Amino acid sequence: MRPLTPRQVSLWAAALVAALIGLLAASSQFLLDGAVDPISTGLLAIGAFGISFGVLWYFLQRFVQDRIRAIYKAVQGGRAGSLGSPEKLRMDEDVLGEVNREMLDWASERRNEIKGLRERERFRREFIGNLAHELKTPIFNIQGYILTLLEGGLEDEKVNRDFLQRASAGVERLNKIVEDLDMITKLESGIMDLNIRRTDLHALIDEAIKSIEIRAKEKGVRVMNLVPPGKLVKADEDRLMHVFMNLFQNAINYGREGGYCRVAVEDIDDEVLVEVSDDGIGIGPEHLPRLFERFYRVGSSRSRNEGGSGLGLAIVKHIIDAHGSTITVKSEEGAGTTFVFNLKRSR
Ligand code: ADP
């Protein structure tokens, strides 16, 4: 059965009162005169109905509105919130059911809000923890080298230059972390606008290879550009350069002596599928779902030795996302890793 509205309650109650008064009047007339005057009895019943409906309707409305106002005040703290105002509620509808529904929606909204806030809080705590951890290592190293130099190492020709170089490498690492943080913050807050232009992919990759050539030679990893000359895509050159440099650096850092890293492309409709693959140490399947998270590392010790900031792939993902694409990774431990993403083709 559908719940009664306040107006229906008033109507039914007034009808009951009118019937009782009519019945009472008719029976007293019958007892006194031996007959019933239907007109006066009817008029009395109609009058009783009208008056009792008016009185009941007025008090019931006030009662319901006062109660609802108290509820609204409690949940909204007196401010206008997602709920409407009690004055706007229609008394010819199932008003209590309506309030109940609104309360349930409101409670569910608040629950989601709290969940989001808790999630953000956890994320923030984790981020600061990770950041402190990342900064600690280079600072600790730099401090160690400087102290050793101050405590006599400076006069020792055998170590002074070496320690200074190591301290300098530590500063470089700190600098890289700060630069990457700056970049990721800008990407996440949307401050960094992309400058999408017609880009020669082959030339861009050649340039990226040049800038990591020395490190690649040192580690004995061959970086190959298999993209045909003249392959044009729509991209932000600087950001895309950053993507390739990051992927190449990783392929070198986690590659093996005599190994390779290569970039190949394939045309799919009006897009170009880009594949950056290496035959390095690979990544276990349990790490793949979290690989693009900030500061996520596979086996912390091996990676940290290589001096990355742990933000490289998070930045790469942001840049590729900003190009309207998605980056995915396939990998097998001991066999190698492949990163794949699409770019829009240009003519
Ligand atoms: P990092 O600064 O540590 O290199 P990244 O975000 O670039 O940070 O990479 C995250 C982790 O993913 C690395 O620490 C490494 O363990 C793993 N990784 C990334 N690229 C490769 C790859 N080509 N081969 C093997 N492992 C990789």
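This is a predicted model: local features need pLDDT of at least 70, side-chain atom pairs count only at pLDDT 80 or more; totals for chains, interfaces and linings use all residues.

**Exercise 1.** Find the angle and axis distance at which α5 and α6 pack, then name the residues in contact.

*Solution.* Start with the geometry. Helix α5 (residues 201-219) packs on helix α6 (residues 237-253) at about 30°, and their axes are 9 Å apart. Axes are lines fitted to C-alpha atoms, for helices over the stretch in contact, and angles run from 0 to 180 degrees between N-to-C directions. Helices are DSSP runs (H or I, at least four residues), numbered from the N terminus.

Next, orientation. The angle therefore makes α5 roughly parallel to α6 (under 35 degrees; over 145 is roughly antiparallel).

Now the contact (heavy atoms within 4.5 Å). From α5 come Leu 201, Leu 204, Ile 205, Glu 207, Ala 208, Ile 209, Ser 211, Ile 212, Arg 215, Ala 216 and Lys 219. From α6 come Glu 237, Leu 240, Met 241, Phe 244, Met 245, Phe 248, Gln 249, Ile 252 and Asn 253. They divide into 13 nonpolar, 3 polar and 4 charged. Ala, Val, Leu, Ile, Met, Phe, Trp, Tyr, Cys and Pro count as nonpolar, Asp, Glu, Lys and Arg as charged, and the others, Gly among them, as polar.

Residues are numbered from 1 along each chain as its sequence is written. Local features need pLDDT of at least 70, side-chain atom pairs count only at pLDDT 80 or more, and totals for chains, interfaces and linings use all residues, while side-chain values use heavy atoms, with hydrogens and water left out.

**Exercise 2.** Decide whether α3 is roughly parallel or antiparallel to α4.

*Solution.* The axes of α3 and α4 come within 8 Å and cross at roughly 160°. So α3 is roughly antiparallel to α4. Their crossing is left-handed. The α3 side includes Phe 127, Leu 131 and Leu 135, and the α4 side includes Leu 174, Ile 177 and Leu 181. This contact holds 15 nonpolar, 3 polar and 3 charged residues.

**Exercise 3.** Describe how α4 meets α8.

*Solution.* Helix α4 (residues 160-189) and helix α8 (residues 312-322) have axes that come within 10 Å and cross at roughly 30°. They are therefore roughly parallel to each other. α4 passes α8 in a left-handed crossing. Asp 180, Met 183, Ile 184, Leu 187 and Glu 188 of α4 meet Ala 314, Ile 315, His 318 and Ile 319 of α8.

**Exercise 4.** Which helix gives the largest share of the lining of the second largest pocket?

*Solution.* α3 does, with 5 residues. Helices α3 (95-150), α4 and α8 each supply at least two lining residues. The lining divides into 7 nonpolar, 2 polar and 8 charged residues.

Key. Angles under 35 degrees count as roughly parallel, over 145 as roughly antiparallel, 65 to 115 as roughly perpendicular and the rest as oblique. A crossing is left-handed if the near helix is turned anticlockwise from the far one by less than a right angle, and right-handed if clockwise.
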